[in-house]
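Good morning, and thank you for coming. I would ask you to keep the structure in view while I go through its contacts one group at a time.

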Amino acid sequence: MPRQLGELEDTVMTRVWQWNRPVTVREVLEDLQQERSIAYTTVMTVMDNLHQKGWVRREVDGRAYRYTAVSTRAAYSAALMNEAWSQSDNPAAALVAFFGMMSAEQREALRDAMRVVAPTVPEPAGSPPEDGDAADEAPQESGR
C-alpha cells in the first residue's frame with residue numbers, strides 16, 4: 001500500500017500527473033517557482049525520493065533525467081481510500097459515514113462507477129428508482 005504523499009511530493013506529483021509526459025526537474029522547478037521560492041536541489045531531491053518510493057520511473061536524457069508517473073492520480077486516491085477503509089474495525093459503518101459526507105455530485109459519480117464495475121448487479125428489492133429510471137412511467141394495474 002502506498003503511503004500518503006507529503007505536501008511537496010503531492011505538489012510535484014500533481015504536475016507529473018497533469019502533464020502526463022516525461023518531465024525534467026528543471027520543468028517542475030520552473031512551474032513551482034511561479035507559486036513559491038524553491039531551490040533546484042529541493043525539487044531534485046523530491047523527485048529522486050519519488051523515484052526511490054516507486055511513484056515515478058526515470059530515464060537518462062543527456063545530463064538529466066526525465067521522470068514519468070508509474071500510475072495515475074485516480075489509482076493513488078483509490079489505494080488511499082482502500083487503505084483507510086481496511087483499517088476500520090467496522091468497515092460497513094465507515095462506508096456509511098463516508099457516503100454521508102458525500103455531495104450529491106459525488107454520490108452520482110459513485111453510482112456511475114458502480115455501473116461500470118458491476119453493470120449486471122440488480123438494484124436491491126424495494127430500492128427507490130434513480131432519477132431518469134422507470135420512475136417516470138405510470139404504474140401498471142394488475143389482475144383484471
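Let me begin with a definition: helices are DSSP runs of at least four residues, numbered from the N terminus. The model before you is a predicted one.

With that term in hand, consider helix H6, which covers residues 104-117. Arginine 115 and aspartate 112 both belong to H6 and are three residues apart, or about one turn of the helix. These two side chains form a salt bridge, with 2.7 Å between the closest N and O atoms. Are they buried or exposed, or something in between? Arginine 115 has a relative accessibility of 39% and counts as partly exposed; aspartate 112, at 35%, is partly exposed as well. Elsewhere, salt bridges with shared partners join Arg21, Glu27, Asp61 and Arg66 into one network.

H6 holds a further pair of this kind. Arginine 111 forms a salt bridge with glutamate 108, and here the closest N and O atoms are 2.9 Å apart. Because arginine 111 and glutamate 108 are three residues apart in H6, about one helical turn separates them. Arginine 111 is partly exposed, with a relative accessible area of 32%, and glutamate 108 is partly exposed at 35%.

How many salt bridges does a search of the whole structure find? The search gives twelve. One that deserves attention joins glutamate 35 and arginine 15, at 2.6 Å from N to O. This pair links distant parts of the chain: glutamate 35 sits in the loop between helix H2 (25-32) and H3, arginine 15 sits in helix H1 (residues 7-19), and 20 residues lie from one to the other. Glutamate 35 is exposed, its relative accessible area being 55%, whereas arginine 15 is buried at 8%. As a general point, side chains of opposite charge can pair when their charged atoms come close.

I turn now to the aromatic rings. A pair of such rings is described by the distance of the centres and the angle of the planes. The structure has four aromatic pairs.

Next come the strands. S1 pairs with strand S2 (residues 64-69) in the antiparallel sense, over six bridges. The hairpin they make has two residues between the strands, and glycine 62 takes a positive phi near 70° there. Arginine 58 stands opposite tyrosine 67 in S2. Arginine 58 also lies over the face of tyrosine 65, 4.2 Å from the ring centre.

Finally, I come to the second largest pocket, with a volume of about 330 Å³. Which helix supplies the largest share of its lining? That share comes from H4, with five residues. H4 and helix H5 (91-101) each supply at least two residues of the lining. The lining residues include Ala78, Met81, Trp85, Phe98, Phe99 and Leu110.

Thank you for your attention.

Key:
Residues are numbered from 1 along each chain as its sequence is written. This is a predicted model: local features need pLDDT of at least 70, side-chain atom pairs count only at pLDDT 80 or more; totals for chains, interfaces and linings use all residues. Side-chain values use heavy atoms; hydrogens and water are left out. Rings of Phe, Tyr and Trp (its six-membered ring) pair if their centres lie within 6.5 Å; planes under 30 degrees apart count as stacked, over 60 as edge-to-face and the rest as tilted. A charge sits over a ring if NZ of Lys or CZ of Arg is within 6 Å of the ring centre and within 35 degrees of the ring normal. A salt bridge is a side-chain nitrogen of Lys or Arg within 4 Å of a carboxyl oxygen of Asp or Glu. Buried means under 20% relative accessible area, exposed over 50%, partly exposed in between (1.4 Å probe, protein chains only). Two strands pair if DSSP finds at least two bridges between them. On a 1 Å grid over the protein atoms alone, a cavity is a set of points where a 1.4 Å probe fits but cannot get out, and a pocket is an open set with protein on both sides within 12 Å along at least five of seven lines; lining residues have an atom within 4 Å of a point. Grid points are joined across faces, edges and corners, and a volume is the space filled by probe spheres set on the points.
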